[in-house]
Amino acid sequence: MNGQPHHPDADTIERLARAALARIPEPFASHLGNVVLIVEEFADRETLDMMEIESRWGLLGLYQGRPIGEKSSFDSGALPDMIRLFRQPMLAEADRDGVTAAEMVNHVVVHEVGHHFGLSDDDMHLLEDSAD
């Protein structure tokens with residue numbers, strides 16, 4: 001080998017992400033059945049601009065949809081909730097942090113699931129810090 005880390009392909013990232021979703025406990029898991037999971041190489045420029053992120057390496061994942069607590073029976077016709085994972089930035093971050101691709105995918109999926117339940121980034125950081 002040439003010393004470069006092995007980087008899983010998009011199908012492997014999707015399998016890792018689905019495994020991470022399958023580990024989400026109840027009562028949360030029952031609210032994830034309709035969430036669409038998409039693996040892309042990078043976020044598109046429109047998404048990065050919307051998030052006010054300059055570098056295409058700066059976004060690892062994104063939840064798009066209405067958090068559970070904001071949903072209503074009047075939401076018919078809305079697009080499905082979606083978790084988008086960005087393969088290249090996640091793998092680069094995993095390399096920088098010295099963690100496996102599976103660990104990084106799990107972290108990002110759990111983070112995006114938190115947004116599905118209406119948690120802010122600050123809320124999730126507090127929860128992660130309290131779990132240490």
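## Fold, helix packing and main pocket

The protein chain holds 5 helices and 3 strands. This is a predicted model. Along the sequence, the elements run α-β-α-β-β-α-α-α. The chain has 132 residues, and 33% of them count as buried. Among contacts with a separation of 6 or more, 66% join residues 24 or more positions apart.

**Packing of H3 and H4**

- Two packed helices are described by the angle between their axes and the distance between the axes.
- Helix H3, residues 87–97, packs with H4 at an angle of about 115°. Their axes lie 9 Å apart.
- The crossing of H3 and H4 is right-handed.
- H3 brings Met 90, Leu 91, Glu 93, Ala 94 and Asp 97 to the contact. H4 brings Ala 101, Met 104, Val 105 and Val 108.
- By class, the residues of this H3–H4 contact are 7 nonpolar and 2 charged, with no polar ones.

**The largest pocket**

- The volume of the largest pocket is about 310 Å³.
- The lining of this pocket consists of 15 residues. Closest to the pocket centre are Leu 59, Gly 61, His 111, Glu 112 and Asp 121.
- H4 supplies the largest share of the lining, with 5 residues.
- The lining divides into 7 nonpolar, 6 polar and 2 charged residues.

**Where the two topics meet**

Notes: Residues are numbered from 1 along each chain as its sequence is written. This is a predicted model: local features need pLDDT of at least 70, side-chain atom pairs count only at pLDDT 80 or more; totals for chains, interfaces and linings use all residues. Side-chain values use heavy atoms; hydrogens and water are left out. On a 1 Å grid over the protein atoms alone, a cavity is a set of points where a 1.4 Å probe fits but cannot get out, and a pocket is an open set with protein on both sides within 12 Å along at least five of seven lines; lining residues have an atom within 4 Å of a point. Grid points are joined across faces, edges and corners, and a volume is the space filled by probe spheres set on the points. Helices (H or I, at least four residues) and strands (E, at least two) are DSSP runs, numbered from the N terminus. Ala, Val, Leu, Ile, Met, Phe, Trp, Tyr, Cys and Pro count as nonpolar, Asp, Glu, Lys and Arg as charged, and the others, Gly among them, as polar. Axes are lines fitted to C-alpha atoms, for helices over the stretch in contact, and angles run from 0 to 180 degrees between N-to-C directions. A crossing is left-handed if the near helix is turned anticlockwise from the far one by less than a right angle, and right-handed if clockwise. Contact means heavy atoms within 4.5 Å. Buried means under 20% relative accessible area, exposed over 50%, partly exposed in between (1.4 Å probe, protein chains only).
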